[in-house]
Amino acid sequence: MLIVALLGAGGWFYLNYRIGQIKHIHVGGLKKEPKPGGPFNVLLVGSDTRSFCVTAACQAHLGNQGASGGQRSDVIIILRLVPANHTMEMLSIPRDTWVTIANSGGEGNRINAAFNNGPTQLVETIEQDFHIPVNHYAYANFAGFTNAVQALGGVWMDFPDRLKDVVSGLYISKTGCQYVDPTKALALVRARDTYYYADGQWNYDGLGDLSRIRRQQAFFHAVIDKARSDYNPLQLNAFIGDLVKDIVVDSTFSTGELRNLAFDFHNVSSSELSTEVIPTMGAVTTADQDILLPAWKLDNAMIAKFLKFGTTKSTSSSPSTSSTSSTSSTSSTSSTSTTTTLVPVTGTTTVPIVDNSKNYPEPWDPVPCNP
């Protein structure tokens with residue numbers, strides 16, 4: 001009993017030591033958590049910066065960032081955590097969603113551009129345009145993602161069809177349940193110009209960032225399944241060691257709170273994670289830019305439901321594992337589709353909003369699997 005107690009104490013202090021290594025930065029616009037132990041929202045940002053690339057090979061592997069340079073928020077997710085019953089909900093915002101950038105004099109732009117000036121402007125843009133309070137912030141770049149997947153030992157996913165994306169470097173050469181290593185995982189979650197092989201030919205997915213979000217959500221489920229089913233203390237130590245080096249959180253996210261979340265959610269299953277996407281409609285600006293406009297009638301209903309998650313028994317006890325509700329002007333219509341009123345935006349032409357939520361996921365989308 002004494003040895004067990006000492007080991008437990010050692011694990012406690014070691015975990016505190018590791019979590020204490022996470023870099024903290026000041027982020028403005030964050031709201032205080034409603035109450036201790038209650039549900040709260042964390043803004044998760046994946047950046048497309050290549051600043052860590054010091055070789056030509058690295059730049060070639062990740063692709064050219066273009067003339068804009070800097071950084072953009074490649075991934076924007078609001079993660080709602082409910083510690084009371086260990087459930088989670090992820091609400092993704094497509095990076096090309098056209099919004100009014102906070103503190104920019106009313107300038108409109110893709111939401112990922114708000115991150116180029118740092119996380120504060122992105123937090124304030126989300127709160128201003130979507131009225132979603134952000135309590136905490138966490139950030140990772142390509143290197144952090146790859147290292148974390150490496151430490152975890154990769155994941156297993158089932159691919160109904162072969163996939164390829166020459167831009168991200170994705171190539172899935174066979175179908176079925178298979179091992180996804182860190183390099184392939186990064187290509188998978190970055191792919192937005194995807195082709196799938198069916199009926200004897202390569203077919204263009206055509207949904208861009210929306211299909212990429214679906215694959216990201218499926219990948220998160222696979223990570224949870226892997227971490228839960230393949231517990232290995234040495235592997236866990238390596239995972240935490242890599243994770244703390246490559247992520248950044250806001251200065252109010254204390255070591256104690258992060259530690260408590262680790263204990264609260266260490267044994268969570270993928271069935272306790274619900275995923276959704278802000279509905280949008282396709283549009284083209286006068287500068288001939290393809291963008292996504294928020295479908296506000298659908299968005300408001302989804303956001304209201306999202307903010308109720310964890311506050312009542314009915315919304316927190318049985319989350320859906322794949323309730324993705326993204327839309328696009330390029331989506332195929334069906335008898336279950338519904339059309340809502342157009343939202344006029346200066347400088348753009350629009351097409352009807354088509355809600356194809358019942359058509360997701362697509363038949364060629366990968367899903368987690370057990371080897």
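Me: What makes up the lining of the largest cavity, by class?

Reply: By class there are 6 nonpolar, 2 polar and 3 charged residues in that lining. Here Ala, Val, Leu, Ile, Met, Phe, Trp, Tyr, Cys and Pro count as nonpolar, Asp, Glu, Lys and Arg as charged, and the others, Gly among them, as polar. A friendly note before we go on: this is a predicted model, where local features need pLDDT of at least 70 and side-chain atom pairs count only at 80 or more, while totals for chains, interfaces and linings use all residues. Residues are numbered from 1 along each chain as its sequence is written, and side-chain values use heavy atoms, without hydrogens and water.

Me: Why is this space called a cavity?

Reply: Because a 1.4 Å probe fits at its points, on a 1 Å grid over the protein atoms alone, but cannot get out. The whole structure has 1 cavity of 30 Å³ or more, and about 60 Å³ of space lies in the largest cavity.

Me: How do you know which residues line the largest cavity?

Reply: A lining residue has an atom within 4 Å of a point. Among those lining the largest cavity are Asp 74, Val 75, Ser 92, Pro 94, Asp 209, Ile 213 and Gln 216. Strand E3 (73-82) and H6 are the elements giving two or more residues to this lining, and E3 gives the most, with 4 residues.

Me: Why are helices H5 and H6 called oblique to each other?

Reply: The axes of H5 (residues 182-190) and H6 (residues 208-229) cross at roughly 140 degrees and come within 7 Å. Angles under 35 degrees count as roughly parallel, over 145 as roughly antiparallel and 65 to 115 as roughly perpendicular, with the rest oblique; H5 and H6 are therefore oblique. Their contact, meaning heavy atoms within 4.5 Å, involves Ala 185, Leu 188, Val 189 and Arg 190 of H5 and Arg 212, Arg 215, Gln 216 and Phe 219 of H6. By class, this contact has 4 nonpolar, 1 polar and 3 charged residues.

Me: What is Lys 174 in contact with, leaving aside neighbours within four places in sequence?

Reply: Lys 174 is in contact with Phe 159 and Arg 162. Lys 174 sits in the loop between strand E10 (170-172) and strand E11 (176-180).

Me: Where is confidence lowest in the protein chain, and where is it highest?

Reply: On the pLDDT scale, from 0 to 100, strand E18 (residues 338-340) is lowest at a mean of 36, and strand E9 (residues 162-165) is highest at 97. Over residues 314-344 the pLDDT is below 50, yet this stretch has 88 contacts in the model beyond near neighbours in sequence.

How values were computed
Axes fitted to C-alpha atoms, helices over the stretch in contact; angles between N-to-C directions. 1 Å grid on protein atoms, 1.4 Å probe; cavity = no way out; pocket = protein on both sides within 12 Å on 5 of 7 lines; lining within 4 Å. Points joined across faces, edges and corners; volume = space filled by probe spheres on them. pLDDT = per-residue confidence, 0-100.
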